[in-house]
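Please consult the sequence and the structure shown below while reading.

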Amino acid sequence: MARKIWTGSINFGLVTIPVGLYAATEDHSPSFHQYQRGTTDRVRYKRVNERTGDEVDYGDIVKGREVEGTLITVDQEELDEIAPGRSRTIDITSFVDLDEIDPVHFQRTYWLAPNAKENHRPYDLLRRAMEQTNQVGIATFVLRGKEYLTAVRADDAALALNTLFFADEIRDPAQIIGDTAGSAPSDKELEMAETVIESMTGEWHPEDYEDTYTDRVEQLLADKARGVEPAAEAEPAADTDVIDLTDALRRSVEHARGTRSSSRRGGHGDELGELTKGELDKRAKELGVRGRSKMNRAELEDAVRDATHGSRAAS
């Protein structure tokens, strides 16, 4: 059972909803202690004065940083005095469209749950209202002595609280990428890339992905415990340099078309599987298909096929 890490309430307008806060994720990464090789002796860290080599008691350690060339130290008590007080409420100050928040701002996710049965109704009211409007509630919130910017949003069955990075914590990608002048792709390259993406498009099923490294570590430990020599993993294939982008895209498109053609063999396959999205869009326009601008390649192909069959039936 998940442990409640905070108790308080959500406030929006004049509505107060008592809730508890729970971690939404858990880390399953392998953990180890450290031992001296060839022994069962644990290796532990000590706090040591780097000048004298003497061990320092925890109570004698202060924090410090150089300010304008001078070392300034502070006690934990001094930091505690200016730390924000623990939040008792999550006060939503505004609502914004979820799509307006760049995913780079999202930091960590928590679940919010009503504290008692009688709180389920206002809790579900807020969740449903935000779900239908695609809005999230923005609030500041103090947890464990640190102030966070947060977004309260509607999930499928619960309210989620996401801590957000402040604007000054986000690095400017332009400073990392550098000058991109002259690197714009041609229309043909863009069309081929879109075709490859469309051929690989599917639904998101997170359960389809597993942490295979953790499984291999656990298997390694189990094998060694039984005295079994672990089998080495095969070396990964060597990287290949993409010299000709257009040629690589062309071969990718041919592979994608071949995959689509194979999936239709023995069925109702036709030449539509060989067309690019641009060619399908042109044919859809000629057939008077509506809403084609919002369709992905697969939807566009189905719409053109249906419209084509409808035209033939009418004649």
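Which residues are buried in H5? In this helix, Thr-214, Val-217 and Asp-223 are buried, where buried means under 20% relative accessible area, exposed over 50% and partly exposed in between, with a 1.4 Å probe and protein chains only. The model is a predicted one, in which local features need pLDDT of at least 70 and side-chain atom pairs count only at pLDDT 80 or more, while totals for chains, interfaces and linings use all residues. Residues are numbered from 1 along each chain as its sequence is written, and side-chain values use heavy atoms, with hydrogens and water left out.

**The chain as a whole**

The secondary structure comes to 8 helices and 10 strands; helices (H or I, at least four residues) and strands (E, at least two) are DSSP runs, numbered from the N terminus. Of the 315 residues in the chain, 22% are buried. The chain exposes about 24000 Å², and carbon and sulfur atoms supply 50% of this area, as given by the Shrake-Rupley method with a 1.4 Å probe, where for residues only the protein chains shown count as cover. Among contacts with a separation of 6 or more, 56% involve residues 24 or more positions apart; contact means heavy atoms within 4.5 Å.

Helix H4 covers residues 187-199, and its 13 residues should span 18 Å at 1.5 Å a residue; the end C-alpha atoms are 19 Å apart, which agrees. The expected span is 1.5 Å times one less than the number of residues in the helix. Glu-189, Met-192, Thr-195, Val-196 and Glu-198 are buried in H4. For helix H5 (residues 212-225), the 14 residues should span 20 Å, and the end C-alpha atoms are 20 Å apart, in agreement. Gly-227 follows H5 and has a positive phi, near 80°.

Ser-9 belongs to strand S1 (residues 4-12) and counts as buried because its relative accessible area is 9%. Beyond its neighbours within four places in sequence, Ser-9 is in contact with Thr-16, Ile-17, Pro-18, Val-19, Arg-88, Thr-89 and Ile-90.

Most residues other than glycine have a negative phi, and most peptide bonds are trans. Asn-134, which is not a glycine, has a positive phi of about 60°. Asn-134 lies in the loop between helix H2 (120-133) and S8, and is partly exposed because its relative accessible area is 29%. Arg-144, also not a glycine, has a positive phi of about 55°. Arg-144 is found in the loop between S8 and S9 and counts as exposed because its relative accessibility is 63%.

Gly-145 is also in the loop between strand S8 (135-143) and S9, and its relative accessibility of 44% makes it partly exposed. Setting aside neighbours within four places in sequence, Gly-145 is in contact with Ala-83 and Pro-84. Arg-86 is 59 residues from Gly-145 in sequence, yet the C-alpha atoms of the two are 6.6 Å apart in space.

**Cavity and pocket**

Rolling a probe the size of a water molecule over the atoms shows where empty space is left. On a 1 Å grid over the protein atoms alone, a cavity is a set of points where a 1.4 Å probe fits but cannot get out, whereas a pocket is an open set with protein on both sides within 12 Å along at least five of seven lines; lining residues have an atom within 4 Å of a point. Grid points are joined across faces, edges and corners, and a volume is the space filled by probe spheres set on the points. By this rule there is 1 cavity of 30 Å³ or more.

| Space | Volume | Lining residues |
|---|---|---|
| Largest cavity | about 30 Å³ | Gln-107, Lys-146, Glu-147, Tyr-148, Leu-164, Phe-166 and Glu-169 |
| Second largest pocket | about 190 Å³ | Tyr-58, Gly-59, Ile-61, Val-62, Lys-63, Val-74, Asp-75, Gln-76 and Glu-77 |

Strand S9 (residues 146-154) gives the most to the lining of the largest cavity, with 3 residues. The cavity lining divides into 3 nonpolar, 1 polar and 3 charged residues. The lining of the second largest pocket has 4 nonpolar, 2 polar and 3 charged residues. Here Ala, Val, Leu, Ile, Met, Phe, Trp, Tyr, Cys and Pro count as nonpolar, Asp, Glu, Lys and Arg as charged, and the others, Gly among them, as polar.
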